[in-house]
Amino acid sequence: MNQHTAPTRRSVAKGALLAAAATLLGPTATATATARAGAAAPAALRLPGPTGPHPVGLRTFALTDTSRNDPWEPALGVREVMISVLYPARTVRDHPRAPQLTPAEAEEFAGLAPMVRPGLPAAGVDWGAVLTHGHMDAPALPGRRPVLVYSPGGGDSRTLGTTLAEDLASHGRIVVLVDHPGDASQVELPSGMRWTVLRGNPDPATFRTMIDTRVADIRFVLDRLGSLPLAPVMDLRRIGVYGHSAGGTAAVHALATDDRLAAGVNLEGYLDLDPDLLEGLDRPLLMFRTDGFEGAARIARSWAGVPARRVPLAESNHWVFCDYAFLVPRLQAAGLVTAAARAALIGPADPAAAVHAVRRGMRSFLACHLQAPAPPARERRASQ
């Protein structure tokens with residue numbers, strides 16, 4: 001690097017995040033993890049394959065919304081969004097499996113992991129070696145299929161929703177994973193790398209900005225679906241939305257305000273941001289919750305009165321809804337995650353039962369409620 005090059009806003013932000021991570025870990029934990037990493041090869045991580053009859057294709061797109069500015073980095077002048085589209089493939093021959101993270105994203109996440117999810121190791125993991133079961137640019141299976149749009153948990157990148165999305169795609173749906181730059185841990189955009197602005201649990205103003213931005217991102221992606229190369233295999237009359245944690249909040253808000261959405265699934269997201277907006281919600285909604293989540297009391301209060309089917313998951317915790325359900329047990333087996341950290345992330349039990357319940361419940365719910373186009377538009381209160 002040229003010694004006279006001034007640090008950019010992004011490099012300063014990254015430095016602050018890494019400093020925060022070191023503070024959270026403490027010097028002893030950081031040194032211990034580093035020593036452990038030097039003593040053994042990086043942990044090998046794998047994701048389970050989908051259960052449906054179709055192989056899965058994967059394509060990634062960078063989208064730019066020129067109609068609004070980025071709330072986290074206003075100097076950009078526009079809002080950039082990355083999406084991954086997973087779909088049933090006609091064939092995957094000669095189309096390699098995609099990595100979960102790009103090499104640059106994996107390098108960044110290795111430093112950010114213990115900050116965005118305390119308990120994850122600070123070293124000793126080759127995050128770039130994790131492969132998905134989505135085959136890059138594979139030809140799509142002909143036919144028009146229902147579309148699902150996914151918003152990840154706060155601080156998470158879209159790729160941590162890979163396994164559930166692959167399973168849904170293997171059973172005949174098209175799934176669009178949406179990244180929310182500035183909120184997600186890291187996102188590699190054509191304009192450069194973006195890092196999360198979050199420092200622990202967001203305050204009310206930050207949470208409001210997160211959800212409003214995520215809903216706007218979802219609606220922007222809906223606007224652009226018809227112009228994607230995969231549009232010929234998308235049935236844009238049958239669109240659902242689902243999300244985890246903050247993504248679950250955003251999914252329900254989008255469901256309540258966008259008539260293109262026919263049904264939604266909330267994977268343990270709070271619903272107390274705009275209770276009046278959700279009053280009288282008339283679209284099908286499925287909601288899952290765990291018994292170990294530290295925000296369980298708030299979940300129960302905020303869900304009260306919301307018309308939806310509720311499914312509890314026993315001996316589970318908040319991050320069992322994403323790929324940590326599979327990655328954390330392997331990290332624990334490698335001695336990189338403690339039993340206490342595992343319980344705080346995904347719960348103490350084998351996550352297989354919870355994962356099966358979510359997969360089966362979502363497939364059944366969506367098969368029922370995405371058979372027909374979304375119902376006609378209806379009057380509702382505007383978000384405050």
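Buried means under 20% relative accessible area, exposed means over 50%, and partly exposed lies in between, with a 1.4 Å probe and protein chains only. Helices (H or I, at least four residues) and strands (E, at least two) are DSSP runs, numbered from the N terminus. This is a predicted model, in which local features need pLDDT of at least 70 and side-chain atom pairs count only at pLDDT 80 or more, while totals for chains, interfaces and linings use all residues. Residues are numbered from 1 along each chain as its sequence is written, and side-chain values use heavy atoms, with hydrogens and water left out.

## The chain as a whole

The secondary structure of the chain comes to 11 helices and 12 strands. Of the 384 residues in the chain, 54% are buried. The chain exposes about 15800 Å², and carbon and sulfur atoms supply 56% of that area. Accessible areas come from the Shrake-Rupley method with a 1.4 Å probe, and for residues only the protein chains shown count as cover. A contact means heavy atoms within 4.5 Å. Among contacts between residues at least 6 apart in sequence, 76% join residues at least 24 apart.

## Helices 5 and 6

The expected span of a helix is 1.5 Å times one less than its number of residues. Helix 5 (residues 204-224) has 21 residues and should span 30 Å; its end C-alpha atoms are 30 Å apart, so the two values agree. For helix 6 (residues 246-257), with 12 residues, the distance from the first C-alpha to the last is 17 Å, close to the expected 16 Å.

The buried residues of helix 5 include F207, M210, I211, R214, D217, I218 and V221. An α-helix has 3.6 residues a turn, so residues three or four places apart point the same way.

Helix 6 is mostly covered, with 12 of its 12 residues buried. Among them are A246, G247, H253 and T257. The cover over these buried residues includes strand 5, helix 5, strand 9 (234-244), strand 10 (261-267), helix 7 (275-278) and strand 11 (285-290).

Strand 6 (residues 174-178) is mostly covered, as five of its five residues are buried. In a regular strand the side chains alternate between the two faces of the sheet. On one side of strand 6 are I174, V176 and V178, on the other V175 and L177, and all are buried.

Two strands pair if DSSP finds at least two bridges between them. Strand 2 (residues 79-88) runs antiparallel to strand 6 and is joined to it by four bridges. In this pairing L86 stands opposite V175. Strand 5 (residues 145-151) also pairs with strand 6 over four bridges, in the parallel sense, and Y150 stands opposite L177. From strand 5 the chain crosses through helix 4 (residues 162-170) to strand 6 in a right-handed β-α-β crossover. Right-handed means that, with the strands pointing away from the viewer, the path from the first strand over the helix to the second runs clockwise.

## Single residues

| Residue | Relative accessibility | Class |
|---|---|---|
| V56 | 1% | buried |
| D156 | 3% | buried |
| G128 | 32% | partly exposed |
| D94 | 72% | exposed |

V56 is found in strand 1 (residues 56-65). The C-alpha atoms of V56 and S170 are 5.9 Å apart, although 114 residues separate them along the chain. Leaving aside neighbours within four places in sequence, the contacts of V56 include L86, Y87, H133, E166 and S170.

D156 lies in the loop between strand 5 and helix 4. Not counting residues up to four places away in sequence, D156 touches R117, D179, A184, S185, W319, C322 and Y324.

G128 is in the loop between helix 3 (103-116) and strand 4 (131-136).

Most residues other than glycine have a negative phi, and most peptide bonds are trans. D94, which is not a glycine, has a positive phi of about 65 degrees and lies in the loop between strand 2 and strand 3 (97-99). E315 also has a positive phi, near 50 degrees, and its place is in the loop between strand 12 (309-313) and helix 9 (324-333).
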